[in-house]
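The entries follow the order in which I looked them up.

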Amino acid sequence: MQRTNLSFAPASPAASSPREQPAPGGLCAIHQPNLFPRLTTLAKLFAADYWIVLDDVQFTRRDYQHRARLAAIDAPGRQQWLSIPTHLPSGRSTLIRDALVDNAELARRRTAGMLRQNFGASPHWPSLAQALDPMLDAFATGRTSVIAETSTRVLLDLLGWRGRILRSSLLPARPGRSLRLADLAAATGAHAYLCGTGGMTYLDPVPFAARNITVAAFRPPTTGIWSTARRLSALWALSSLGPDTLASHLHAVADDHAALRVTAPELRSSATSV
């Protein structure tokens with residue numbers, strides 16, 4: 001199985017060495033770690049060459065940083081939340097990276113049970129269950145962000161993504177929402193920043209233009225498997241279609257944004273196993 005090049009390992013606080021710096025060019029996406037992200041979010045990351053994990057902003061309980069909406073493969077209308085009980089040591093001001101799991105072992109067992117309950121009937125479940133093991137192992141860290149990030153990374157791995165992952169907390173950036181995002185995108189050498197429809201409502205393109213970075217709205221399809229993509233975790237589509245078929249759908253969406261990419265020759269061949 002191809003593995004993403006995780007330029008900064010979850011347990012390592014060290015900044016990357018010059019050898020580890022990403023090759024310039026391509027597309028960048030910046031997003032908080034989400035627990036088993038929705039298909040639209042996963043598709044945006046899949047289309048990018050770099051995912052910068054936004055781990056040093058405030059944790060939001062009503063967001064997807066610690067929860068995912070699941071549905072059984074034979075009944076997408078019957079939905080339920082999978083949530084990781086999370087303690088915020090600094091109250092509402094707690095950063096995503098500092099959020100802690102309440103009773104990690106119980107949360108791990110409950111998560112494993114809900115995943116099996118919803119997707120165990122899938123013919124793809126045996127391989128999917130094996131791929132999810134690193135996410136379940138991540139409960140031992142006691143950190144919600146590590147679990148959420150790992151849940152996304154294992155899905156990207158399973159689908160054959162060849163990009164790189166970095167963390168905002170380890171990259172230099174100036175304050176200010178749009179200015180900071182532009183600085184983070186520039187740290188990858190990207191030529192374009194993929195922005196979700198929500199981000200397009202507030203993003204100021206001027207700091208990006210100053211760095212010769214194009215801001216591109218990411219708009220996936222809305223029919224077929226995409227009809228529930230803004231609500232359901234990508235696990236539903238993955239369990240229903242299997243990794244190969246879902247990867248084909250994601251490649252098609254990524255190809256729609258390929259004109260934005262100025263590919264460095266070494267970019268697609270530089271991913272290594274971790």
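I began with burial and noted that both Y193 and F208 are buried, where buried means under 20% relative accessible area, exposed over 50% and partly exposed in between (1.4 Å probe, protein chains only). The model is predicted, and I kept to its limits: local features need pLDDT of at least 70, side-chain atom pairs count only at pLDDT 80 or more, and totals for chains, interfaces and linings use all residues. Residues are numbered from 1 along each chain as its sequence is written, and side-chain values use heavy atoms, with hydrogens and water left out.

I then looked up ring pairs, taking rings of Phe, Tyr and Trp (its six-membered ring) as paired if their centres lie within 6.5 Å, with planes under 30 degrees apart stacked, over 60 edge-to-face and the rest tilted. I counted two aromatic pairs by this rule. Y64 and W81 form a tilted pair, 6.0 Å centre to centre with 45° between the planes. Y64 lies in the loop between β3 (50–53) and β4 (67–72) and W81 in strand β5 (residues 75–83), so this pair ties together parts 17 residues apart in sequence. I noted Y64 as buried at 16% relative accessible area, whereas W81 is partly exposed at 27%.

For Y193 and F208, the ring centres are 5.1 Å apart and the planes at 20°, so the pair is stacked.

Finally, I looked for charges over rings, which requires NZ of Lys or CZ of Arg within 6 Å of the ring centre and within 35 degrees of the ring normal. R67 lies over the face of W81, 4.0 Å from the ring centre. The charged end of R177 sits over the ring of Y202, at 4.2 Å from its centre.

Technical notes:
Helix = DSSP H or I, 4+ residues; strand = E, 2+ residues; numbered from the N terminus.
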